[in-house]
Amino acid sequence: MPTRSTPAGAASADGARPPLPSRAELIADTALTLLAERGMRGLTHRAVDERAGLPQGSTSNHARTREALLEAAVRRLAELEARVLAPGELLTSSDPAGAAAGLAHALHRYLTGSTHLLVCRYELALEATRRPALRVFYDEAGRRFREPLVALMTAAGSSDPERHALSVVAWAEGMMFACAVGSYHRAVPAEEELRRGCAELLRGMLGAGATG
């Protein structure tokens, strides 16, 4: 996430220079940075302006209310998580063993490089329980992750794709919580361990095709 300490547009290891973020992306990225570092109380329009190095009032011009700023953060979080989890790329195999491998790869990539996004997600999810409009917005943003799982369960021959997708989400969410902020935060499982755990779950729901 771009901040003063990590200027956007800096050259990468291969010399390529990524495009500068738009003003909207910079504001949303900075909002997520503040959420991860300071929690919900630390997220204000003024704090975003100061951290992003923007003129005072810039964030208010983009998102006039706190609700609008939170919605911008939810939208950006969904975009960034989609890049890490890449459900459209990893949830392509209808074979349970292949599905377990894809899910484990996505989960391991998240846990070893993007746990700050998970902290933001928890902050926003809790806030959404107190703001009905944000709850609707948050749930809508999450559909891009749920729908591929339901499709995967259907293709794999599930007798109840919605229920089985929920079980996979619950397993993955529990693993992320435990390994990002819970009692296992110092012991992220290897990708192979995650694959075996996911294969055991899928095998119990779908049958012997999800070999461990």
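Of the 212 residues in the protein chain, 43% count as buried, where buried means under 20% relative accessible area with a 1.4 Å probe on protein chains only. You are looking at a predicted model, in which local features need pLDDT of at least 70, side-chain atom pairs count only at pLDDT 80 or more, and totals for chains, interfaces and linings use all residues. Residues are numbered from 1 along each chain as its sequence is written, and side-chain values use heavy atoms, with hydrogens and water left out.

**The whole chain**

Start with a cartoon view. The protein chain has ten helices and zero strands; both are DSSP runs numbered from the N terminus, helices being H or I with at least four residues and strands E with at least two. Among contacts in the protein chain with a separation of 6 or more, 63% join residues 24 or more positions apart. Contact here means heavy atoms within 4.5 Å.

**Stop 1: α4 and α8**

Select residues 66-85 for helix α4 and 132-155 for helix α8. Their axes come within 10 Å and cross at roughly 15 degrees. Axes are lines fitted to C-alpha atoms, for helices over the stretch in contact, with angles running from 0 to 180 degrees between N-to-C directions. That crossing angle makes α4 roughly parallel to α8, since angles under 35 degrees count as roughly parallel, over 145 as roughly antiparallel, 65 to 115 as roughly perpendicular and the rest as oblique.

Now show side chains. On the α4 side, the contact includes L70, V74, A78 and L85; on the α8 side, look for partners including L134, F137, Y138 and F145. The residues of this contact divide into eleven nonpolar, no polar and six charged. In this scheme Ala, Val, Leu, Ile, Met, Phe, Trp, Tyr, Cys and Pro are nonpolar, Asp, Glu, Lys and Arg are charged, and the others, Gly among them, are polar.

While α4 is still selected, click on L80. L80 is buried, at 13% relative accessible area. Its C-alpha atom is separated by 9.3 Å from that of S114, 34 residues away along the chain.

**Stop 2: R121**

Move to helix α7, residues 115-128, and pick R121. Is R121 buried or exposed? R121 counts as buried, at 10% relative accessibility. Beyond neighbours within four places in sequence, R121 is in contact with L77, E81, Y110, Y138, E173 and M176.

**Stop 3: M153**

Return to α8 and select M153. M153 is buried, with a relative accessible area of 1%. Setting aside neighbours within four places in sequence, M153 contacts S158, P161, H164, A165, V168, L202 and M205.

**Stop 4: α6 and α10**

Next, select residues 96-111 (α6) and 191-206 (α10), whose axes come within 8 Å and cross at roughly 140 degrees. The two helices are therefore oblique to each other. Zoom in on the contact, where α6 residues including P96, L103 and L107 meet α10 residues including L194, C198 and L202. The residues of this contact divide into twelve nonpolar, two polar and two charged.

**Last stop: the cysteines**

Finally, select C120 and C179. C120 is buried at 0% relative accessible area, and C179 counts as buried at 4%. How many disulfides does a search of the whole structure find? The search finds zero, a disulfide being a pair of cysteine sulfur atoms within 2.5 Å.

Technical notes. Buried means under 20% relative accessible area, exposed over 50%, partly exposed in between (1.4 Å probe, protein chains only).
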